[in-house]
Amino acid sequence: MSSIRDEASLTVTRSLPAAAGSGAEPPAAAPHGAAPHRPGRAPGPASPASAELAVTSLRARSVFAPIEGGRAETVARRLIQAIQLGLLLDGERLPAESQLAAQFGVSPVTLREALAVLRSMGLVQTRRGRGGGSFIRAAAEPQRAHLERLLRLMPPHELRDIADHRAAVAGMAARLAAERALGPDMAALREHVARLREAPATISGRRRADARIHIEIAAAAQSPRLTRHEMDLWSEIGDLVWLPVAEPDVAGIVAEHAALADAIEAQQPERARLLAEQHVAAETERLLSWRLGLLAAGA
Amino acid sequence: MAEAVAAGADLSQPGATLLTAVSDHIGRVLIAVDRIGQATAAAAAAARTAGRPLHRPDLAAVRTLAADLLHHHADLAAGAGVVLAPGALADVPRCIEWWWADEGSGPEQLQVDLDPESAEFYDYTMTEWYREPQRTGRPSVAGPYVDYICTHQYTFTLSAPVCCAGEFIGVAGCDILAGQIERLVEPGLSELRRAGRAAVLVSGSGRVIASNLPGVLPGTAVSRQPACPGLVPVAGQGSPAGTGSSILAWTLLSDPA
């Protein structure tokens, strides 16, 4: 029983990103449409049945973890990310400003600046008086403008760091999958590559199919830990991956996944690892290039 | 079932009881899994007798039985329930009634996306634990595999077919964490190691479940193990020798005698 208990406590740290698997459609997807990689075991977002939900302490630990350096932009970014990922649900009430500022480890002034950013994006609505407070307003499909805002708020070194982490996880998962995948693993992987090819032409539709491929590869590697890392990373960067993709480039990206599946099936561990790393590098370059474009355009 | 496996094993060999220990345990859990299957079949039969189609609310008994299973087999079972074949229910096209063990608050129901149009569609009919009982009409133990749907761990799934009027209508089952299986076989593997013998336990699909060789890692494909070609199946282990009823399609490999 002990391992189950350990697992349950791990859930605390992983429930956040994993619950975000349903990411792009926070309120709508929460009740029934749980992502396959949303943990059945982990407490998901609070029930959206109630319009004014208190943020649970569980999620507060991660979403509202103290900010180093204490800057309004970082606070804003974390909140936007949490909303886009569905960690904070439509209609949910944020803790009182003083409490929230204390949790983030920033001054009330900084927090108010951050909330102003969200308010200007229409992601937070503040109501005064009895039963008032700051409430989350989330759209079903992530809006490009919001994702672009989020991307602008992410420092390049952090995008690079996330890419390094992803390359380590995806590269190793691909290598081990090439060594360990058996027939049924390959069938599942092929199935999900096909699903990406046919995915709805939306950021969230493609991102989910894409994430699923990488999660299947990590599962084929027989590694629950790499699988969890993939899930966490995908919920962290989520929809950003497909933000800078132009329609004519979609086929090429699907082909990258197909080539990766080929290398895994051909039991070529080094080639699989290399392809996975190159795949992540290409995505990162697209993101950085898009971000530079946004800055140049003064968006 | 457990007795049958024991009878088939060659008790003169060191470590011969290795798989018997697992079979004993799994056999006991299978009784509880069968109860879930029987309740589902009974609900289907009752609806049939009443001349009406089966609906999801008819499966209310599954919840209690799954909770009982998780409670009484807490050492092995991490999740339990039943899934229905597409079209078996009149009110929903697909159905998964599955609970997982949550400390303190009792079993939690598993929520997954069963809409085939969704990118997150969980197609349980593609899983080994669904397909094997469907194909053979007999219980099976699938895995090990990374279960990122329910347990989030390296997992086996014990499953048994559910039939009504001779027709396959679904699968009842129970998730078992790989760590629990490893614990069960560890004494036997150690015993063989003390006797100076290699031992590699291999799943039906050719994956290493456990071994007493440091270079032969769990989860690797036995066919790609440089250390394994010299090993041969141990008589009476893992095969349904003489009984034809073992639910474990596992093989224990060891040095040739």
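In this predicted model, helix H9 of chain A gives the most to the lining of the largest pocket, contributing seven residues. The volume of this pocket comes to about 930 Å³. Its lining is made up of 38 residues, and those nearest the centre are A:Ala188, B:Met126, B:Thr127, B:Glu128 and B:Tyr145. Two or more lining residues come from each of several elements: in chain A, helix H9 (183-197) and helix H10 (203-220), and in chain B, strand E2 (95-100), helix H4 (128-136) and strand E4 (140-147). Sorted by class, the lining holds 19 nonpolar, seven polar and twelve charged residues.

Two backbone details deserve a look alongside the pocket elements. In chain B, the peptide bond between B:Gly143 and B:Pro144 is cis, with omega at about 5°. B:Pro144 belongs to strand E4 of chain B, and E4 is one of the elements giving two or more residues to the pocket lining. In chain A, A:Gln222 is not a glycine, yet its phi is positive, at about 65°. A:Gln222 sits in the loop that runs between H10 and helix H11 (224-237) of chain A; H10, too, is among the elements with two or more residues in the lining.

Turning to helix packing, a pair of helices is described by the angle between the axes and the distance between them. In chain A, helix H12 (residues 250-265) and helix H13 (residues 269-296) cross at roughly 160°, and their axes come within 8 Å. Because angles over 145 degrees count as roughly antiparallel, H12(A) is roughly antiparallel to H13(A). The two helices make a left-handed crossing. On the H12(A) side, the contact is formed by A:Ile253, A:Glu256, A:His257, A:Ala259, A:Leu260, A:Ala263 and A:Ile264, while H13(A) supplies A:Arg271, A:Ala272, A:Leu275, A:Ala276, A:His279, A:Ala282 and A:Arg286. Nine of these residues are nonpolar, two are polar and three are charged.

H12(A) also packs against helix H8 (residues 156-180) of chain A, here at an angle of about 45° and with the axes 7 Å apart. This angle makes H8(A) oblique to H12(A). The contact of H8(A) with H12(A) comprises six nonpolar residues, with no polar and no charged ones.

Helix H2 (residues 18-49) and helix H5 (residues 178-194) of chain B pack at an angle of about 160°, and 8 Å separates their axes. With that angle, H2(B) is roughly antiparallel to H5(B). The crossing of H2(B) with H5(B) is right-handed. From H2(B), the residues B:Leu18, B:Ala21, B:Val22, B:His25 and B:Ile26 meet B:Ile181, B:Leu184, B:Val185, B:Gly188, B:Leu189 and B:Leu192 of H5(B). This contact has nine nonpolar and two polar residues, and no charged ones.

Conventions
Residues numbered from 1 in each chain as written. Chains lettered and ligands numbered in written order. Predicted model: local features only at pLDDT ≥ 70, side-chain atom pairs only at ≥ 80, totals over all residues. Heavy atoms only, no water. Axes fitted to C-alpha atoms, helices over the stretch in contact; angles between N-to-C directions. Helix = DSSP H or I, 4+ residues; strand = E, 2+ residues; numbered from the N terminus. Parallel < 35°, antiparallel > 145°, perpendicular 65-115°, else oblique. Left-handed = near helix turned anticlockwise from the far one by under 90°. Contact = heavy atoms within 4.5 Å. Nonpolar A, V, L, I, M, F, W, Y, C, P; charged D, E, K, R; others polar. 1 Å grid on protein atoms, 1.4 Å probe; cavity = no way out; pocket = protein on both sides within 12 Å on 5 of 7 lines; lining within 4 Å. Points joined across faces, edges and corners; volume = space filled by probe spheres on them.
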